[in-house]
Amino acid sequence: MNFLALHRHKGRMLTALVATLFLMSFVLIGCGNSGSGGAGTEQQKTQDGSADATSSEGQETRLIKHAMGETPVPANPKRVVVLTNEGTEALLALGIKPVGAVQSWTGNPWYEHIKEQMEGVTPVGLESQVNLEAIAALEPDLIIGNKMRQEKIYPQLSAIAPTVFSDTLRGEWQTNFKLYAEAVNKVQEGEKVLADFERRITEFREKAGDKLSTKVSVVRFMAGKTRLLQKDTFSGVILDQIGFARPDSQNVDAFAEEITKERIPEMDGDILFYFTYETGDGEGTKQEKEWLNDPLFKNLKVVKAGNVHKVDDVIWNTAGGVIAANLFLDDLEKYFLDNK
């Protein structure tokens with residue numbers, strides 16, 4: 001039995017086990033939760049620093065270091081399942097359509113900006129609620145996930161197929177992207193994707209000039225919550241890469257801060273972008289309207305100057321991947337560079 005056949009045999013066994021042990025077919029993992037290796041391999045370093053290997057079953061593999069240890073993966077995987085939204089965008093940018101993916105946080109089941117590229121891909125639950133049975137049924141030869149989201153089910157995933165985990169999910173997406181590119185043996189293609197993005201950052205910075213001193217405020221509305229988004233968010237990381245100024249409340253090396261209405265004055269800046277996470281029950285939109293109509297908000301200098309703009313939550317925050325990053329830059333160009 002060769003390397004992939006062995007994993008697929010394990011996957012079929014796990015499918016039966018999942019059906020017995022998990023009547024609802026889903027495993028619940030808290031969003032805030034915080035290796036597998038292979039025996040019988042002979043390793044040889046490749047030019048990109050990873051290791052080529054041959055499994056004891058004769059299947060050519062590559063040894064990948066990741067958040068859970070080291071794992072031999074197929075040299076050229078053909079049936080990839082991905083368990084994060086940003087990982088999905090990474091694969092698409094590398095020219096790989098996964099056979100299965102966790103569905104988008106909003107969308108049915110995919111974000112609008114990737115919907116066409118994801119046609120025919122099987123949803124396998126959510127990042128925080130992965131369907132092990134659906135994954136096993138796809139007989140993948142590689143699973144890409146995330147320690148912060150799915151650490152508790154890493155053993156089960158590894159029993160289905162070789163599994164590679166990134167470590168964290170915050171604003172900085174490029175580290176994970178590099179790991180995913182290595183895992184699918186697309187390092188050179190990945191380097192080009194990142195180089196193209198860096199080129200766009202440099203060109204934007206040069207064209208913006210003095211506009212980089214503009215204090216950019218970023219606010220997110222959610223059901224019952226309002227947050228000031230700081231530098232370790234998806235939008236915050238890119239704004240910092242470009243070199244934009246931020247209001248004092250947001251010029252902090254942290255993720256975000258939930259505020260009460262008394263702190264609305266801390267939203268002020270030279271320009272304010274806001275977006276709303278809406279799941280369909282109307283609660284996010286309700287929070288947005290309530291705060292925008294508050295007298296303290298209407299009294300902000302940026303509001304009186306008419307420089308408040310609603311943007312897409314998916315692109316500015318939720319998707320979190322390379323495709324969204326480029327669409328985010330498109331938005332910034334519209335507001336700062338296009339005849340302004």
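This is a predicted model: local features need pLDDT of at least 70, side-chain atom pairs count only at pLDDT 80 or more; totals for chains, interfaces and linings use all residues.
Local features were taken at pLDDT of at least 70 and side-chain atom pairs only at pLDDT 80 or more, whereas totals for chains, interfaces and linings use all residues. Residues are numbered from 1 along each chain as its sequence is written, and side-chain values rest on heavy atoms, with hydrogens and water left out.

An open sheet is built from five strands in the order 8-7-6-11-12, with parallel pairing. Strands here are DSSP runs of E with at least two residues, and helices are runs of H or I with at least four, numbered from the N terminus; two strands are paired if DSSP finds at least two bridges between them. Strand 8 (122–123) and strand 12 (163–166) form the edges, each pairing on one side only. Within the sheet, strand 6 (residues 80–82) is joined to strand 7 (residues 100–101) by two bridges in the parallel sense, and Val 82 stands opposite Ala 101 of strand 7.

Two helices were examined against these strands. Helix 2 (residues 85–93) lies across strand 6, strand 7 and strand 11 (142–146), at about 140 degrees to strand 6. Helix 6 (residues 174–183) packs on the sheet through strand 11 and strand 12, and its direction makes about 165 degrees with that of strand 12. Such angles run from 0 to 180 degrees between N-to-C directions, the axes being lines fitted to C-alpha atoms, for helices over the stretch in contact; contact means heavy atoms within 4.5 Å.

Eight of the ten residues of helix 6 are buried, a term that denotes under 20% relative accessible area, with exposed being over 50% and partly exposed in between (1.4 Å probe, protein chains only). Among the buried residues are Phe 177, Leu 179 and Tyr 180, together with the charged Glu 182. Just after helix 6, Asn 185 adopts a positive phi of about 60 degrees. An unreviewed UniProt entry lists residues 180–207 as "coiled-coil region"; UniProt positions follow the numbering used here, feature names are shortened, and annotations may be inferred rather than shown by experiment. In the model, this span is 89% helix and 0% strand, and its end C-alpha atoms lie 32 Å apart.

Ile 96 occupies the loop between helix 2 and strand 7 and is buried, with a relative accessible area of 15%. Beyond residues up to four places away in sequence, Ile 96 touches Leu 91, Val 184 and Lys 186. Its C-alpha atom is 9.6 Å from that of Arg 79, 17 residues apart along the chain.

A separate antiparallel pairing links strand 4 (residues 60–66) and strand 5 (residues 69–74) over six bridges. The two strands are joined by a hairpin of two residues, and His 66 stands opposite Gly 69.

Helix 8 (residues 234–242) has seven of its nine residues buried, including Phe 234, Val 237 and Ile 242. The buried residues pack against helix 7 (187–208), strand 13 (216–222), strand 14 (225–229), helix 12 (313–318) and helix 13. Gly 243, which follows helix 8, has a positive phi near 110 degrees.

Asp 331 belongs to helix 13 (residues 322–336). Asp 331 is buried without a salt bridge, and Lys 334, the nearest side chain of opposite charge, is 4.3 Å away. A salt bridge requires a side-chain nitrogen of Lys or Arg within 4 Å of a carboxyl oxygen of Asp or Glu; Lys and Arg count as positive and Asp and Glu as negative, while His and the chain ends are not counted. Asp 331 touches Val 311 and Trp 316, leaving aside residues up to four places away in sequence.
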